[in-house]
Amino acid sequence: MRSDRLVAILLLLQRREQVTAAEVSRELDVSERTARRDLDALAMAGVPVYSVQGRGGGWRLVGGARTDLSGLTASEARALFLAVGPASDATPAMQAALRKLVHALPKPFQVQAEAAASSLVVDPQRWGASRIEHRPPRFLDELQDAVIRGVQVSLGYVDSKGVETRRTVHPLGIVAKGPVWYLVSNTETGRRVFRIDRVSSADPTGDPVQRPGDFDLAESWNEIAKEVDRKRTPLEVQAVCTPDGIGILRMALGDRLDVGGSTTDGRIEVVIRGPNEYILAGELSGLVEWVEVTGPPGVRDHLASIGNALVEQYGRPRSSGDLHPS
């Protein structure tokens, strides 16, 4: 992604003091035109970088500016190099740039920093799940660039029903939720979130983004995530649970469970969220040993119906004809 390239270029400048567009092109495996554009972008972003024209020229940092890595603590150095190990999700360009920093570390930190890079492995796959390789969506780079430069984008978008539309958006930030990437934008109809893997085209208009002065991406996403959760699980069930069942409920329901106070009989009040009465009743039917639903009545009715069906299916003795049908 472009942000990774910009960091990699900055680290090259700090290490070599001067680079040419051709050197950046070879180092990062991009065209010289892209390298020059990225160098210009660093200058526009406020990085103290300038070009030297003529024979022997190139790009330099003003005053030979360099990162003083001697200020790193041992724990900070180890944390830095965890980013280049097998548990990292950094791109190859970012990992290569970070590895070069080890040569600038104080000697006492180098051994531990290098060991940190191979000290942790993260396997995101659950047991029994098929392995799926998630790749960044097609227009992630272009949209991230638009966020950084603060320019509006003419966005082609295909919704969940397959309908394609085009609109002009004001990109405010990008969020990765698990393997899915989202673009947070302002539009004519208010703040919207777009799945980037559904973007069919992304063309910068050159017009500046109208960005709210108090906008904070983390806070905005927290509000969006809460609203999405409310829409996905609009129904709340009230219940009481035995103390030894709370751990089981947490494993089964995750963050859809809210635990309250104790009742007079020693049980614990809980609130459980879900999409509808029938699905919640199905989930809770296997937890009746610990949980008693107190409301709403519709969920209790579904539970009773499920219980009757279970008794009908499994409560009567089976004949030999049932076991060996002809």
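This is a predicted model: local features need pLDDT of at least 70, side-chain atom pairs count only at pLDDT 80 or more; totals for chains, interfaces and linings use all residues.
Residues are numbered from 1 along each chain as its sequence is written, and side-chain values rest on heavy atoms, with hydrogens and water left out.

The secondary structure of the protein chain comprises 12 helices and 12 strands, where helices (H or I, at least four residues) and strands (E, at least two) are DSSP runs numbered from the N terminus. Of the 326 residues in the chain, 35% are buried, a term that denotes under 20% relative accessible area, with exposed meaning over 50% and partly exposed lying in between (1.4 Å probe, protein chains only). Among contacts (heavy atoms within 4.5 Å) between residues at least 6 apart in sequence, 58% join residues at least 24 apart.

The largest nonpolar core has 21 residues, and those with the most contacts inside it are Val237, Leu249, Val270 and Ile272; such a core is a set of buried Ala, Val, Leu, Ile, Met, Phe, Trp, Tyr and Cys residues joined through side-chain atoms within 4.5 Å. Two or more residues of this core come from each of strand 9 (235-241), helix 9 (246-253), strand 11 (268-274), helix 10 (277-284), strand 12 (291-295) and helix 11 (297-314), and strand 9 gives the most, with four residues. Apart from this core lies another, of 17 residues, among them Ala8, Leu12, Val19 and Leu42.

An open sheet of five strands has the order 7-6-5-4-8 with antiparallel pairing, two strands being taken as paired if DSSP finds at least two bridges between them. Its edge strands, each pairing on one side only, are strand 7 (190-195) and strand 8 (199-208). Within the sheet, strand 4 (residues 151-158) and strand 5 (residues 164-177) run antiparallel and are joined by six bridges, and the bridge partner of Tyr157 in strand 5 is Thr165. Helix 7 (residues 140-149) lies across strand 4, strand 5, strand 6 (180-187) and strand 8, and runs at about 80° to strand 5, with axes fitted as lines to C-alpha atoms, for helices over the stretch in contact, and angles from 0 to 180 degrees between N-to-C directions.

Ser185 lies in strand 6 and counts as buried because its relative accessibility is 0%. Leaving aside neighbours within four places in sequence, Ser185 is in contact with residues including Val169, His170, Gly190 and Phe194.
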